[in-house]
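Work through the exercises below with the structure open beside you. Try each task before reading its solution.

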Amino acid sequence: SAYQYGIHRPKGYTVSNHYNPEMEKHHFGPTHPMKPWRLTLAKSLITAFGMPAAMDSYHARAATHDELSNFHAADYLEYLATAAPQQKPPDGSESTDNKFNLANPDCPLFDGLYNYCSMSAGGSLDAARKICTQASQIACCWGGGLHHAKKAEASGFCYINDIVLAILELLRCYKRVLYLDIDIHHGDGVEEAFFSTDRVMTISFHKYHPETFFPGTGGLSDNGPKSESNPGSHHAINVPLNDGITDDQYGEMFKTIVRKAVDSFQPEAIAMQCGADSLGGDRLGKFNLQVTGHAGCVEFVKKLRLPLILFGGGGYTPRNVARAWAFETSIAIDCHRKIAENPRIPDHAPWRAEFRQESLLPSLEEILGEPKSNKNTKKRMDEIIMHITEQLRFVNK
Ligand code: V1P
Ligand code: CA
Ligand code: ZN
């Protein structure tokens with residue numbers, strides 16, 4: 001099918017894909033929204049359209065305990081590696097589980113948890129190393145992107161922060177790294193990890209509604225600890241959005257803000273979390289983005305021609321998550337125009353019936369049912385851009 005679609009290696013640069021299919025076998029529990037099986041569907045589309053012919057595919061190894069300890073606390077890792085699945089905290093009493101925020105409905109202890117986490121991180125670390133040695137110019141790790149994990153705490157379906165680990169690796173060879181996060185949730189774990197350095201700028205776009213929407217952080221004026229002595233001051237950018245944002249509005253915000261940030265910060269590499277829960281019809285998300293709108297952000301970033309890692313992240317309607325990450329892979333290898341011309345999912349795609357519509361790029365109505373009403377005003381979007389423009393005055397490199 002690579003032949004059928006005319007898919008070949010892009011000229012002048014190399015793309016790599018870092019993935020361990022063992023990840024698919026892990027289950028958070030029957031009612032939990034995080035389904036590693038969405039990775040199976042993404043793989044189905046990527047292979048059915050013949051994309052592996054155009055990139056270097058690496059079987060991601062598991063990250064070592066030592067590698068994980070570059071960010072995470074030793075006692076937390078120790079506990080993650082040894083905690084028994086389904087362990088219930090004793091009634092009413094404080095337990096170790098509470099200390100690390102484990103064994104709650106968001107972050108259950110499941111069978112093989114430590115393996116799952118270390119494979120996710122292994123892929124992201126491999127990706128970062130290929131970017132460092134310039135063996136790849138774009139590296140994809142759709143099994144990564146777990147942006148909420150903290151140094152010694154699990155949070156929001158994330159246990160190990162593979163993104164922080166990968167950025168730490170990038171910082172060995174690049175002076176400044178820009179982190180972009182289009183998951184519908186605030187990228188709080190990554191933001192916090194780099195609060196005190198001016199070598200990483202973080203920008204998260206997210207739904208912000210502190211009382212009702214997880215994690216409740218990431219307001220427009222939350223730009224990290226501000227002090228004369230903190231070089232990281234002003235380097236955390238937040239774009240708080242409301243329900244129902246559309247492709248046009250989101251794309252405009254994304255391009256305007258990223259363009260300005262790149263001009264001021266002058267990054268040498270980019271790490272981008274592509275959480276697909278910002279798509280319309282997501283089980284947890286509330287935005288109206290289509291696959292083409294979501295992927296338009298990736299295309300814009302690719303055109304900056306900086307070394308780039310693409311991570312997965314959230315995404316809770318598996319068939320659409322798979323569509324987004326497959327189409328974004330096609331952008332990386334520059335065959336998205338060919339695929340958009342004939343987006344019909346090939347007959348031989350594994351699990352084809354699971355995709356419901358035949359198209360890789362179904363319309364908003366097809367993936368959404370009813371679109372959410374758009375609660376984002378032009379006035380508020382302008383205020384956000386104004387605030388960020390002011391903030392960036394402090395960041396001239
Ligand atoms: O809202 C919460 C917690 C529960 N409240 C006490 C606060 N948790 C959310 C977590 C969302 C995590 C998103 C992760 C990511 O950014 C990156 C991978 O996408 C939550 C939700 C929700 N609707 O926001 N947890 C659950 N739903 C949930 C539902 C069923 C079973 C387990 C968890
Ligand atoms: Ca985000
Ligand atoms: Zn999310």
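A crossing of two helices is right-handed if the near helix is turned clockwise from the far one by less than a right angle, and left-handed if anticlockwise. Keep in mind that this is a predicted model.

**Exercise 1. Describe how helices α1 and α10 cross.**

Solution. 
- Step 1: find the helices. α1 covers residues 38-48, and α10 covers residues 318-332.
- Step 2: take the axes. They come within 8 Å and cross at roughly 45°.
- Step 3: classify the angle. Angles under 35 degrees count as roughly parallel, and 65 to 115 as roughly perpendicular. α1 and α10 are therefore oblique to each other.
- Step 4: The crossing of α1 and α10 is right-handed.

**Exercise 2. Compare the span of α10 with the expected one, and say how many of its residues are buried.**

Solution. 
- Step 1: count. α10 has 15 residues.
- Step 2: check the span. From first C-alpha to last, α10 reaches 21 Å, close to the 21 Å expected at 1.5 Å a residue.
- Step 3: look at burial. Buried means under 20% relative accessible area. In α10, 15 of 15 residues are buried, so the helix is mostly covered.
- Step 4: look past the end. Asp334 follows α10 and has a positive phi, near 65°.

**Exercise 3. Identify the donors of the calcium ion (ligand 2) and judge the geometry of its site.**

Solution. 
- Step 1: list the donor atoms. Asp181 gives O and OD, Asp183 O, His185 O, Ser204 OG and Phe205 O. Their distances are 2.4 to 3.0 Å.
- Step 2: read the spacing. In sequence the donor residues follow D-x1-D-x1-H-x18-S-F.
- Step 3: recall the ideal. Six octahedral donors would have angles of 90 or 180 degrees.
- Step 4: judge. The 6 donor atoms here make angles of 69 to 166°, and the site is irregular.
- Step 5: Asp183 is buried, at 1% relative accessible area. His185 is also buried, at 7%.

**Exercise 4. Say where Ala103 and Arg356 lie, and whether each is buried, partly exposed or exposed.**

Solution. 
- Step 1: take Ala103. Its phi is positive, about 65°, though it is not a glycine. Ala103 sits in the loop between α4 (96-99) and α5 (113-132). With a relative accessible area of 25%, Ala103 is partly exposed.
- Step 2: take Arg356. Its phi is positive too, near 65°. Arg356 belongs to the loop between α11 (336-341) and α12 (364-368). At 64% relative accessible area, Arg356 is exposed.

Definitions and conventions:
Residues are numbered from 1 along each chain as its sequence is written. Chains are lettered from A and ligands numbered from 1 in the order in which they are written. This is a predicted model: local features need pLDDT of at least 70, side-chain atom pairs count only at pLDDT 80 or more; totals for chains, interfaces and linings use all residues. Side-chain values use heavy atoms; hydrogens and water are left out. Helices (H or I, at least four residues) and strands (E, at least two) are DSSP runs, numbered from the N terminus. The expected span of a helix is 1.5 Å times one less than its number of residues. Buried means under 20% relative accessible area, exposed over 50%, partly exposed in between (1.4 Å probe, protein chains only). Donors are N, O and S atoms within 2.8 Å of the metal (3.2 Å for Na, K and Ca); water is not among the atoms, so sites may look incomplete. Four donors count as tetrahedral if all angles lie between 85 and 135 degrees; four count as square planar and six as octahedral if opposite donors are over 155 degrees apart and all others between 65 and 115; anything else is irregular. Axes are lines fitted to C-alpha atoms, for helices over the stretch in contact, and angles run from 0 to 180 degrees between N-to-C directions. Angles under 35 degrees count as roughly parallel, over 145 as roughly antiparallel, 65 to 115 as roughly perpendicular and the rest as oblique.
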